[in-house]
Amino acid sequence: MQHDKILILDFGSQVTQLIARRIREAHVYCEVHPCDVSSDWVRGFAADGRLKGVVLSGSHASVYEVDDKAPEAVYELGVPVLGICYGMQTMAQQLGGKVEGSHTREFGYAEVRARGHTALLKDIADFTTPEGHGMLKVWMSHGDKVTELPPGFKLMASTPSCPIAGMADEARRFYGVQFHPEVTHTVQGRALLERFVLEICGTSPDWVMRDHIAEAVEKIREQVGDEEVILGLSGGVDSSVAAALIHRAIGDQLTCVFVDHGLLRLNEGDMVMEMFAGKLHAKVVRVDASELFLGELAGVSDPEQKRKIIGRLFVDVFKAEAAKLTSSGASTKGAKWLAQGTIYPDVIESGGAKSKKAVTIKSHHNVGGLPEQLGLKLLEPLRDLFKDEVRELGVALGLPHDMVYRHPFPGPGLGVRILGEVKKDYADLLRRADAIFIEELRSTIEPHSGKSWYDLTSQAFTVFLPVKSVGVMGDGRTYDYVVALRAVQTSDFMTADWAELPYSLLKRVSGRIINEVRGINRVTYDVSSKPPATIEWE
C-alpha cells in the first residue's frame, strides 16, 4: 500500500479502537500497535516515508505508577504527535513536565475553555461565553492531571478543576488533550481529529473502500498464486464479504464451506446459497449438521457451555469437510489456504490480550488456532478493516445492502437467544417470532428521518424464554411460551440505550407473533441499557 499512515500507540484504553475508527472515517489509513514497541520498531515503521503522525491513547493506569511510556523515537521522527488523556500525561512527563494525582476527579461531561489560539483548536468551539471565550463540550475520564508544562509547551485548554486540560508545542507540532475526542460525547471530537490528521499531519484522504478492492484483489492473487483456498462461510457480514472479495480475486480457486448448525434465522441458509452459489456462482459446500448440534446441546443450559459446544462442533464439522478438500483424492488440487473473515478489532483485541496492556479484553476464535490444526496457510483479506469499512467494501463488491447492513448475529446463532436448554421446537418458534419482529422494523418508517426502524436501531432480535404463562385465546385458556423483544441504539456497542420504539409498532409485532406463531402467548419488551445489562441476554 502507498497510503499515508498514522500510528496509534495503545496504552490499554478501552476506547483506543474509536481513535482509529474516527481517523479511518476521515479516509486516512492508520494502525494500532501496543505502546511497548521499541524505538527501533517505530523507526522501521516510519522508514517508508509514509508515517505522517502519531497518536498516544488513554489508559486505565497512572504515569507515576507504571513504566508505560511512548518510545523515545516518537518524539524524534519530526512528525506531529497527539496525546490523549494518559497519552498527554506521558508526553508531559517524558518531555520534562509534571503529572500528579488530582483531588477532584473528572468522569463524564465537562466544558473546556480553549486557550492560546493553537492550530489544533483554532475556530473549533461549541459555544462562546459572554466574555468571548471559546468553549468545548467534552468527555473526561481521569483522576490525574498535568501540573507543570514541559519546556516549550503552552497552555491550550483548561477547566476549573483541571487547569492544564490541553497543551501545545507548536514548533514541534506536539499536542496533548486531557479529554477524549474519539468518543461521541465530545461534540467537536471528529473535527479535532480531522484537523490533526488532515491539516497538521498533512495526510492525503485516500483510504476509500471502493478503491481498496483493486488493491486487495492484487494482494490476494499475489499471496495465493494458483493454489486453492477454503473458507468457512457463516452467512455473517465478515465471512460473506471475505468470500465475495476472494472470489473476485481468484474465482473457482475458492471453495466455501457453509455449516448449517440448525440455529440460523428463518430461511437464512437458503438465502446464503442463493447469493453465493446462485448469483456469484461461487463453489459452496452446504453441510446440514443441525441434528449433530441439537443432539450435543440436549440438556445443556449454561450459556458458556453452549458456546463451547457450538464452537467445538463447528470446528469439527469444518475440519472434516476441509480434509476432503485438502486430500490428494479431492476433485481440487488440494486446498493450501484457509481464509477467515478476521477484521481489525479482532487483531487489536487479541494483541492487547497478549501484551496485557488492556483490561478484560476478550480473545477471538478467528485469530490463530485452526490453520495450524489443518496444516494450511492463513488468508485474512479483511484483517486491516473495521466493521463499517467491511460493510462499505461489501456494497462496493455488489453484495445486497440488506445482507451487508444486517444487524450483528452471534456466532452460536439462536443457541444463545434461547435461554436455557436448546430444543428444535424452541428454535422453530423463535425463528418465526424473530422474522416477524425484523419484518415490521424494516417496513415501519420513522417520519422525521424517513428511515426504517430497522436502520434506526443498531441491533434488534427476539429472545425465547423457557417459561410458560397463562393466556386467553377465544374462549379458551392457553399455557404457552414467552418471548422478549430487544432493540438497542449505539455508536460503538460498548454502551447502548434501549430503542424507544413506537407503541403502535410494538403492538403490531406483539399481535402478529401471538396470532401467527402457535405456541407463544405473551410478548415482552426489554428496556434495559448497557451497562448494567448486556445487549445479548447470554
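Val237 is placed in helix α6, where helices (H or I, at least four residues) and strands (E, at least two) are DSSP runs numbered from the N terminus. The model is predicted, and local features need pLDDT of at least 70, side-chain atom pairs count only at pLDDT 80 or more, and totals for chains, interfaces and linings use all residues. Residues are numbered from 1 along each chain as its sequence is written, and side-chain values use heavy atoms, with hydrogens and water left out.

Val237 has a relative accessibility of 10% and counts as buried; buried means under 20% relative accessible area, exposed over 50%, and partly exposed in between (1.4 Å probe, protein chains only). Residues up to four places away in sequence not being counted, Val237 touches Lys387, Val390, Arg391, Met403, Val404 and Arg406, contact being heavy atoms within 4.5 Å. Gly236 lies in the loop between β11 (228-232) and α6 (237-250) and is partly exposed, at 26% relative accessible area. Both residues belong to a "binding site" feature in UniProt (unreviewed entry), which covers Ser234, Gly235, Gly236, Val237, Asp238, Ser239 and Ser240. UniProt positions are given in the numbering used here, with shortened feature names, and annotations may be inferred rather than shown by experiment. Helix α6 also holds His247, which is buried at 16% relative accessibility. The contacts of His247, not counting residues up to four places away in sequence, are Leu254, Leu280, His281 and Ala282.

Cys85 is in the loop between β4 (81-84) and α3 (86-94) and is buried, at 4% relative accessibility. His180 is in the loop between β10 (174-177) and α4 (189-200) and is likewise buried, at 6%. Apart from neighbours within four places in sequence, the contacts of Cys85 include Ser141, His142 and His180.

The protein is divided into domain 1 (5-199), domain 2 (209-403) and domain 3 (425-525), with bounds from an automatic or database domain assignment. The centres of domain 1 and domain 2, taken over C-alpha atoms, are separated by 37 Å. Their contact takes 17 residues from domain 1 and 15 residues from domain 2. About 1300 Å² is buried between the two domains, and carbon and sulfur atoms give 51% of this area; buried area is the accessible area (1.4 Å probe) that two parts lose on being put together, summed over both. In domain 1, Gln14, Gln17 and Arg24 lose the most area to domain 2, together 40% of what that side buries. One salt bridge is found across this interface, a salt bridge being a side-chain nitrogen of Lys or Arg within 4 Å of a carboxyl oxygen of Asp or Glu. The side chains of Glu389 and Arg24 form a salt bridge at 2.6 Å, N to O.

In the largest nonpolar core, of 51 residues, Leu441, Leu501 and Ile513 touch the most other members. Such a core is a set of buried Ala, Val, Leu, Ile, Met, Phe, Trp, Tyr and Cys residues joined through side-chain atoms within 4.5 Å. Helix α14 (residues 424-443) gives the largest share of this core, nine residues. The core lies between domain 2 (209-403) and domain 3 (425-525), because both give residues to it. Another core, of 42 residues, lies apart from it and includes Tyr29, Phe258, Met275 and Leu385.
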